[in-house]
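Visitor: I am new to this structure and would like to understand the words used for it. Could you show it to me first?

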Amino acid sequence: MSSSTAASGRQSITETAPLSLCAREPRVPADRLVAEMVPPPRFDSVRFDTYVPDPRQPSQTEAVSVLSAFAAGLGGAHRAGGGHGGRRWFARKPSAPTGPRGVYLDGGYGVGKTHLLASLWHATPAAPEQKAFGTFVELTNLVGALGFQETVRTLSGHRLLCIDEFELDDPGDTVLVSTLLGKLVDAGVALAATSNTLPGKLGEGRFAAADFLREIQGLSARFRPLRIDGEDYRHRGLPAAPAPYSDEQVTRAAYATEGASLDDFPGLLEHLSRVHPSRYGALTDGVRAVCLTDVSPVPDQSTALRLVVLADRLYDREVPVLASGLPFDRLFSEEMLNGGYRKKYFRAISRLTALARDAKGLVAQ
């Protein structure tokens, strides 16, 4: 293989077979789950000054200002002592500091909430091991892996916990995380969270914020809600998502792209049912592109929710997705898109569409 071919990541179709996600059964130790609670690679370099507010949306500029001040205010919130015993950071009780010890970013899809949340994590003056960043699902998976008390002990040593995509769909998980957050607030941990306004409720102001503050009950006074208005930046001023390719084009691209995987979509969905969602990130380790043939409607809700988690992990890692079959906006039935989990499905469509656009360069012109 020539050096120019190697540099481009593409190689002769006869040289190597692509990877298969269906052939992987990763095992993830609990300590990796904790160590990986940092902003995903897509957000490694984001900062407040790289967020470009829409001049037509003053709430975006306000959010940058509020979050910058919040991060600066955490500089004095260091606990006394330097051990790992979960002792409090303050000489006084945690209720003593003035102002909310949490912020909640409320807004629609693609307005930059995760960018801002990651910027807050980066801007908070503390060592990386004193800050944690993860999705709501990753946090519940951590509790499942470590147990509740050990999760409390581990995260109590942190200065800041950022929770992306806070979900209110499952009452049990909501109560679990609300209880966990109460313990962490008592230990002096500052909190920040995001979630999405439901697509059918975008015209109803602070719908998601009202739900969030109600569900976390006793913690509501700890959060300052910040509404962030705007259109989905993933589609702002960009061409429409590319139409699906043929099976032959997808297969050729998989063989010609170093580090690509190639799987039949129905087979992948079946494989996901045998892998715990906490391992979907490990499932994609080392994968530089995902190629899927025969994309078809997702058959049921359980399968759809697993696909949502995989879409999140691929988006976090900026892994392009090349596919044949149906376009991604036809993955979920109308019943699903109008049901209780619709916010997750719209998020998955938005993210898979962005990754499909990123994959256009994999197909030989």
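What follows is a conversation about the terms used for this structure and the values behind them.

Guide: Please keep in mind that this is a predicted model, in which local features need pLDDT of at least 70 and side-chain atom pairs count only at pLDDT 80 or more, while totals for chains, interfaces and linings use all residues. Residues are numbered from 1 along each chain as its sequence is written, and side-chain values use heavy atoms, with hydrogens and water left out.

Visitor: How do you know how many disulfides the whole structure has?

Guide: A disulfide is a pair of cysteine sulfur atoms within 2.5 Å, and a search of the whole structure for such pairs finds zero.

Visitor: What makes A359 buried or exposed, and where is its place?

Guide: A359 counts as buried because its relative accessibility is 0%, and its place is in the segment after helix 14. Helices (H or I, at least four residues) and strands (E, at least two) are DSSP runs, numbered from the N terminus.

Visitor: How do you know where the buried residues of helix 6 lie around its axis?

Guide: The buried residues of helix 6 (residues 148-155) are T151, V152, T154 and L155. Seen down the axis of helix 6, these residues fall within an arc of 165°, so they line one face of the helix; the arc is that of the directions from the helix axis to the C-beta atoms.

Visitor: How many aromatic pairs does the structure hold, and why is the pair of F332 and Y345 called stacked or edge-to-face?

Guide: The structure holds two aromatic pairs. Rings of Phe, Tyr and Trp (its six-membered ring) pair if their centres lie within 6.5 Å, and planes under 30 degrees apart count as stacked, over 60 as edge-to-face and the rest as tilted. The rings of F332 and Y345 have their centres 4.6 Å apart and their planes at 20°, so this pair is stacked. F332 lies in the loop between strand 8 (321-325) and helix 13 (334-337), and Y345 lies in helix 14 (residues 342-358), so the pair ties together parts that are 13 residues apart in sequence. F332 counts as buried because its relative accessibility is 5%, and Y345 counts as buried because its value is 0%.

Visitor: What makes a space a cavity or a pocket?

Guide: On a 1 Å grid over the protein atoms alone, a cavity is a set of points where a 1.4 Å probe fits but cannot get out, whereas a pocket is an open set with protein on both sides within 12 Å along at least five of seven lines; lining residues have an atom within 4 Å of a point. Grid points are joined across faces, edges and corners, and a volume is the space filled by probe spheres set on the points. A search of the whole structure finds one cavity of 30 Å³ or more, and about 70 Å³ of space lies in the largest cavity. The largest share of the lining of the largest cavity, three residues, comes from helix 12.

Visitor: Which residues lie nearest the centre of the largest pocket?

Guide: About 430 Å³ of space lies in the largest pocket, and of the 26 residues that line it, E36, M37, E138, R313 and R317 lie nearest its centre.

Technical notes. Buried means under 20% relative accessible area, exposed over 50%, partly exposed in between (1.4 Å probe, protein chains only).
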